[in-house]
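This report describes the fold of a single chain and the surroundings of its ligand.

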Amino acid sequence: MDRPTVSFELFPPRNPDAAPRLWATIQALEAAHPDFVSVTYGAAGKTRTTTRQLVRRLLRETSLNPIAHLTCVGTSRAEITTIVEEFLDEGVRSFLALRGDPPTDQAAWQPHPDGLHTASELVELLRTLEQERCAQSPSQAMRSRVRPLSVAVAAFPRGNAATGGTRAQDVASLLAKQQAGADFAITQVFYEADAYLGLVAEAREAGVTIPIIPGIIPTTDPARLLRVQELTGVQVPATLLDLLGAADDELDRHRRGIRASVDLVQGVLDGGAPGVHIYTYNQHHAALDLLEGADLDGGARTPRHTNPITTDL
Ligand SMILES: Cc1cc2nc3c(=O)[nH]c(=O)nc-3n(C[C@H](O)[C@H](O)[C@H](O)COP(=O)(O)OP(=O)(O)OC[C@H]3O[C@@H](n4cnc5c(N)ncnc54)[C@H](O)[C@@H]3O)c2cc1C
């Protein structure tokens, strides 16, 4: 069966108390047999340690294939090289290469004086480091054949409001990332299938051939959607907020939100999307309800095994 890919975004727990809940979520999501899970890298690299701990534990204790997000913010080329080497040494083979946003106390993006300027430079660095490792060691070269390095990048259906970029500029940036060696892209949130399909059409026209996976947020929580709007500049349609606002109670709102997200998923899949990447916000119920509604849950409602939940990362 030609099942669309399913993947989830997670972030490292903000404090040790949040870890058990996250691991319960991870177990629930694992039962959906996702193709990969991606782990965010906090603004200005603030979660460097916890991102690494979570990725390492996902590799060691689950069947999941983790993708480590990386950004260029406030980091020299030498520091990024060390971070990448640490991940590679631990067996991480997949990265999401991002430029990142400036820290909140900084108005505009400024690269580190010895740092990288764009995500495409980070893609290039990842490819170069992998090549060097393979050239230095026949074992690494062999490993690379069995598990090739995979590099994802970001794409923006409406243009990146956070950088003031138009869609045309972001398509040019996406093409540069592809030329630097990106394997596929994951989009920022959006609320209309046409936004995603329009981006794909424009990207293909410009020569982008890599798969572009739509990033989908389950639209069950208006407060979260408005927070995402504040952070990303992606407007939540008034019709969606009205739909959720007219709910009789929380359960009704959840159902309405899931229905809207299922429609969006069906719209992008009907338009040719290769799969969906779900922004989980470290919660599994809405993500799994969405997959179930779209018939993509892979039997997630009957978990096959459980791992002990511990409080460490
Ligand atoms: C799926 C996804 C996951 C994310 N995860 C994280 C995360 O974990 N941590 C985090 O801090 N942030 C994350 N972000 C946010 C992201 O870092 C910001 O949106 C950032 O502002 C842009 O990053 P980029 O990788 O697209 O940068 P770039 O592609 O480098 O683009 C940055 C700016 O430069 C312009 N530009 C670059 N190259 C070119 C070119 N050749 N031609 C024309 N214009 C160009 C772009 O148009 C854009 O305006 C994520 C975003 C997405 C969509």
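## Burial and overall dimensions

In this predicted model, 42% of the 313 residues of the chain count as buried. The radius of gyration is 19 Å, which agrees with the value near 20 Å that a compact globule of 313 residues would have. Along the principal axes, the C-alpha atoms occupy a box of roughly 60 × 45 × 45 Å.

Contacts between residues at least 6 apart in sequence join residues at least 24 apart in 80% of cases.

## Secondary structure and sheet

The chain contains eleven helices and nine strands. Nine strands form an open sheet with parallel pairing, in the order E7-E6-E5-E4-E3-E2-E1-E9-E8. Strands E7 (212-213) and E8 (215-216) stand at the edges; each has a single partner strand, so one side of each is left without a neighbour in the sheet.

Within this sheet, strand E1 (residues 5-10) pairs with strand E2 (residues 36-39) in the parallel sense, over four bridges. Phe-8 has Val-37 of E2 as its bridge partner. Helix H2 (residues 48-61) lies across E2 and strand E3 (66-70), and runs at about 165 degrees to E3.

## Ligand surroundings

Around the ligand there are 26 residues, of which Thr-40, Arg-99, Thr-118, Ala-119 and Gly-165 come nearest. Helix H4 (119-136) and helix H6 (167-180) are the elements that give two or more residues to this shell. The most come from H6, which gives five residues.

By class, the shell around the ligand comprises ten nonpolar, 13 polar and three charged residues.

How values were computed:
Residues are numbered from 1 along each chain as its sequence is written. This is a predicted model: local features need pLDDT of at least 70, side-chain atom pairs count only at pLDDT 80 or more; totals for chains, interfaces and linings use all residues. Two strands pair if DSSP finds at least two bridges between them. Two residues are in contact if their C-beta atoms, placed from the backbone, lie within 7 Å. Axes are lines fitted to C-alpha atoms, for helices over the stretch in contact, and angles run from 0 to 180 degrees between N-to-C directions. A residue is near a molecule or strand if its C-beta atom, placed from the backbone, lies within 6 Å of it. Ala, Val, Leu, Ile, Met, Phe, Trp, Tyr, Cys and Pro count as nonpolar, Asp, Glu, Lys and Arg as charged, and the others, Gly among them, as polar. The radius of gyration is taken over C-alpha atoms; the globule rule is 2.2 Å times the number of residues to the power 0.38. A residue is buried if 20 or more other C-beta atoms lie within 10 Å of its own, exposed if 12 or fewer, and partly exposed in between; C-beta atoms are placed from the backbone.
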